[in-house]
Amino acid sequence: MKRSAGIDGNARDLVLDFEPVKLIAPGRVREVLMDEYDQWAGTPYRLGGEGRRGIDCSALMQQVFRSSFDFELPRTTNEQILEGQRIEKDALRPGDLVFFQPSRRLRHVGVYVGEGYFLHASTSQGVKLSRLDNVFWSRHYLQARRPLDNAQLAMRAGSASSNANQGFLASAEY
């Protein structure tokens, strides 16, 4: 990114230098997340699972952020809920983590992909997309977190895919 004060030295021009990245970021992040969905769709849920033969919700988030954005999330939902900045539900953007509490002791996590959908590992149906406004998920919605800004995720998406192409981010079977 270019850092310049602009023609007349005005700080306002500096902000304009960054606008194109912010405009493309949500679309790029959504595209990358949908690619992850295509790769993981139908993988069965398995508590403690971390691979294609079975995966739990927090491991899926860890895998998605590692392979798509070259970003390490903690392993458990209880740790992931402390990551990044808390945001309001009506401010969700692709790449935000969404958390649910379906019972007193259990928490569930997914990643918002846009247009009202989130990607997650469902205990009954495996990896899938679900609507946030679904009666069940609406009732159990807890909070959302933004681990990284969309512009950062979009920039990392390019570097993560090039690293993966070089073999640095091989997705091992666990």
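This is a predicted model: local features need pLDDT of at least 70, side-chain atom pairs count only at pLDDT 80 or more; totals for chains, interfaces and linings use all residues.
Sorted by class, the residues lining the largest pocket comprise eight nonpolar, 12 polar and six charged ones.

The space in the largest pocket comes to about 560 Å³.

Turn next to the charged pairs, for a search of the whole structure finds eight salt bridges. Show the side chains of Arg-66 and Glu-72, which meet in one of these with an N to O distance of 2.7 Å; Arg-66 is partly exposed at 22% relative accessibility, and Glu-72 is also partly exposed, at 47%.

Move on to Arg-93 and Asp-149, a salt bridge whose closest N and O atoms are 3.6 Å apart. This pair links distant parts of the chain, 56 residues apart, with Arg-93 in the loop between strand 3 (85-87) and strand 4 (97-100) and Asp-149 in the loop between strand 8 (141-146) and helix 5 (150-165). Arg-93 counts as partly exposed at 34% relative accessibility, as does Asp-149 at 31%.

Now select Arg-131 and Asp-133, whose side chains form a salt bridge at 2.9 Å, N to O; Arg-131 is partly exposed, with a relative accessible area of 32%. Finish at Glu-50, Asp-56 and Arg-75, which salt bridges with shared partners join into one network.

Notes:
Residues are numbered from 1 along each chain as its sequence is written. Side-chain values use heavy atoms; hydrogens and water are left out. On a 1 Å grid over the protein atoms alone, a cavity is a set of points where a 1.4 Å probe fits but cannot get out, and a pocket is an open set with protein on both sides within 12 Å along at least five of seven lines; lining residues have an atom within 4 Å of a point. Grid points are joined across faces, edges and corners, and a volume is the space filled by probe spheres set on the points. Ala, Val, Leu, Ile, Met, Phe, Trp, Tyr, Cys and Pro count as nonpolar, Asp, Glu, Lys and Arg as charged, and the others, Gly among them, as polar. A salt bridge is a side-chain nitrogen of Lys or Arg within 4 Å of a carboxyl oxygen of Asp or Glu. Buried means under 20% relative accessible area, exposed over 50%, partly exposed in between (1.4 Å probe, protein chains only). Helices (H or I, at least four residues) and strands (E, at least two) are DSSP runs, numbered from the N terminus.
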